[in-house]
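Dear colleague,

Please find the structure below, together with its sequence. My notes on selected local features and helix contacts follow.

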Amino acid sequence: MSPIGQPLPHESAFDHVRGGACYVDDDAGRFRDLLHAWPVLSPHAHARIRQIGREGAFGYPGVASVLTATDVPGVNDTSSGVFDEPLLPIDEVFYHGQPVAWVLGESREAARLGAAAIPVDYEPLPSVIGLEEAIEAQCWLAGPFRLNRGEFPAAWERSPFLIQGSLWMGGQEHFSLETQAALAWMDANGGVFVRSSTQHPSQTQEVVARVLGLPRHRITVECPRMGGAFGGKEVQAAPYAAIAALGCLKAGRPVRVRLPRSLDMILTGKRHPFLGRFRAGFTREGKLLALQVELYADGGWSQDLSAGVLWRALLHLDNAYWIPAIEAVGFVCRTHKTSQTAFRGFGGPQGAALIEEVLTRIAHHLDLSPSLVRERNLYRAGQTTPYGQEVREAESLRALWDSLWKQTRYAERAEEIAEANRLNPHWKRGIAITPVKFGISFTRGCLNQAGASVLLYRDGSVQLHHGGTEMGQGLQTKIRQIAASSLGLPLESIRVMTTRTDAIPNSSPTAASSGCDLSGPAVAEACRQLLDRLRPLAAKRLGCPALLVCFQDGRVFCEYEPTRSLSFTQLVEEAYLQSIPLFAQGFYRTPGLSFDPETGQGTPFAYFAIGATVSEVEIDGFTGEYRILSVEILHDVGRSINPLIDRGQVEGAFFQGLGWVTCEELLWDREGRLRTAGASTYKLPSWSELPPRFEVRFFSRGAESPAIGGSKAVGEPPLLLALSVREALKAGIAAFGSGPVDLGLPATPERVYWAIEAARRGSQAGKKAGGVDPRTPQLCLGAASQS
């Protein structure tokens, strides 16, 4: 039986539960002369550095060295090519807690004490902390980016009903179980070897080489596995690897960098907070006619990946809905906070959240059910996105919606909830159904490529290298299944190696839900080459045409005479004796992709992943506290390579999304200090948020996927399904009063309480959100200049 499609456990599952899985920092104990690094942190959000008294650190025993900008032999930059992120600041700091120096000590405690003893003279400078503050000051990192279709002004004028409003969307901490970590040492050939917890070993290699002033072939980066990443280690692992490598080069000893939780939260980027403003025109039936949007992303102090995040937010403003005329613009704002970075969904959740907000407000304005308005606006066959890509999954999306509607008895439950709410003035329930349509591929076209190397040994065993990284998502498990199925071998014959830049060069990040979609075909291609070399030899041995040679369960046989066979090991040994190459390299690039950011048009995605969720909640009108009563998910994973892993990804993504929309709140004070810098102040979803009824089902009638084996990516799309919980909360709040409901993200109990109070009062803010005079001046689309 082929391993493809089997619900096999994660390849590291047993090692995880037994404590045997090896992470970056687990190797620290093998170095006797290891140095530990600790940062000297800026106490200002924005300041000029006058002087760093590095000699102060050496008053503590065990301090070996101090690293500052003057120690960088190469280019003092860790950015992704825009050169706006110095590894160590020269004369200016841009966020509270920014490292201005690193101390290397014989122990972490020695390094910490040495760092605390370094005096730094600062000249405080004005800072911009809040997103609205940055918008008002027109502090841009990037933009404007534009996405247009149709003629918005004409569609707006023709619309019989009009609304305007805004939505605040908070950020989110990655909170990976393994914090940022790196180890660096000199290898036997005079190169620098770096073990890094990174999603992008090649980018880490590039940054380390740049900082050290060395060619990339002198740097080897290895990622054994990560204890979670969620986007936070796509580019932001590189600075910590660079510090370890720089310290190693200067001190001539191995160097360890591992951030404790408190430092990890202070120093690393988050999901981007967003502010969305909109105007919408629509029909009596609730069908969208015109939409005008401004999106503002809080990028923090440097660009990082913010431009890409904002573009994906713009490309997901439609979510699953047809918008005849749209005029959208986006800006990345500069603030004096950590540089915000990639996070599962990469801007898609923020874009989808805004259109869901628009549709709910339309429903309230017309006194219609939000589910009815959503259903009426779903894509239909033949329609295209605002950027011109056909939605081939439109019919599947509608079929999935209808199936979930019936499976969950949505209409009957909505009536039961309405009756229960009528009888109970203090407790209200809400129910909502929301879809997701998520584009799969990197929007930067050159990243949609992957390589693999497959090595056959004479005993029939296989060693496999590819450029993807394992962060708990099960990529290595799926790759192993693909290789075993391609070669016709049992799983135990396949060994997937750790990801290294000296095995697979120039790899793309494992991100954008595309790890298996890219590395899988590259592995399959390498396996195909090997079988093409072995098949003629097997045909000669078996006495049958090469086309009839089959490989299965470690045996090689003729299709019509399976009893006439030989073992795979015998065939490989004979191939070796006949000097047939027993190694192959595979390469894959996603075909048919194109996108022009100047016009905002193209085909940036290979396909769309689709799903839908029904959520039901119950709210306490006295406190704003609420319970999630049920969540029912129907998601399309195509022909799953591993249904068990895919189910885990759907569940995990949903709960991470649930944290974003309900309880995970990042708070900075006016000085730019992160006040939610630990698990005691930053609320993560836990078992108490698990609803009594939580069901995940796979949709089996979706459009054919172009990905390997007909599978579909599942890492990011289900996160957006958590928006149904927010919409259910809004439905419950609306039952307390007149609505529409003004509820930002995250919908904490405090925010829910005040939204209930506003609904009870029929608040003036709610009334203003309900409509707008067509003569109202347009949003300031493009009016702001880049600074």
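Is N506 buried or exposed? N506 is exposed, as its relative accessible area is 59%; here, buried means under 20% relative accessible area, exposed over 50%, and partly exposed in between, with a 1.4 Å probe and protein chains only.

Before going further, please note that this is a predicted model, in which local features need pLDDT of at least 70 and side-chain atom pairs count only at pLDDT 80 or more, while totals for chains, interfaces and linings use all residues. Residues are numbered from 1 along each chain as its sequence is written, and side-chain values use heavy atoms, with hydrogens and water left out.

Backbone geometry

N506 is not a glycine, yet has a positive phi of about 55°. N506 lies in the loop between β20 (499–500) and α14 (515–542); helices (H or I, at least four residues) and strands (E, at least two) are DSSP runs, numbered from the N terminus. The loop between β20 and α14 also holds S513, a non-glycine residue with a positive phi of about 60°. S513 counts as buried, with a relative accessibility of 15%.

For context, most residues other than glycine have a negative phi, and most peptide bonds are trans.

Helix contacts

Helix α5 (residues 201–212) and helix α6 (residues 238–251) have axes that come within 9 Å and cross at roughly 40°. Axes are lines fitted to C-alpha atoms, for helices over the stretch in contact, and angles run from 0 to 180 degrees between N-to-C directions. The two helices, α5 and α6, are therefore oblique to each other; angles under 35 degrees count as roughly parallel, over 145 as roughly antiparallel, 65 to 115 as roughly perpendicular and the rest as oblique. On the α5 side, Q203, T204, V207, V208, V211 and L212 meet A238, A241, A242, A245, L246 and L249 of α6, where contact means heavy atoms within 4.5 Å. The residues of this contact of α5 with α6 comprise 10 nonpolar, 2 polar and no charged. Ala, Val, Leu, Ile, Met, Phe, Trp, Tyr, Cys and Pro count as nonpolar, Asp, Glu, Lys and Arg as charged, and the others, Gly among them, as polar.

For helix α16 (residues 643–662) and α17, the axes come within 8 Å and cross at roughly 40°, and α16 and α17 are therefore oblique to each other. F654, L658, W660, V661 and T662 of α16 meet L723, V725 and R726 of α17. The contact of α16 with α17 divides into 6 nonpolar, 1 polar and 1 charged residues.

Two buried residues

V752, in helix α18, counts as buried at 0% relative accessibility. Leaving aside neighbours within four places in sequence, V752 is in contact with I619, G624, Y626, I733, L743 and A747. The C-alpha atoms of V752 and K730 are separated by 8.5 Å, the two residues being 22 residues apart along the chain.

H174 lies in the loop between β8 (161–169) and β9 (181–186) and is buried, at 7% relative accessibility. Beyond residues up to four places away in sequence, H174 touches several residues, including F230, K270, R271, F343 and Q656.

With kind regards
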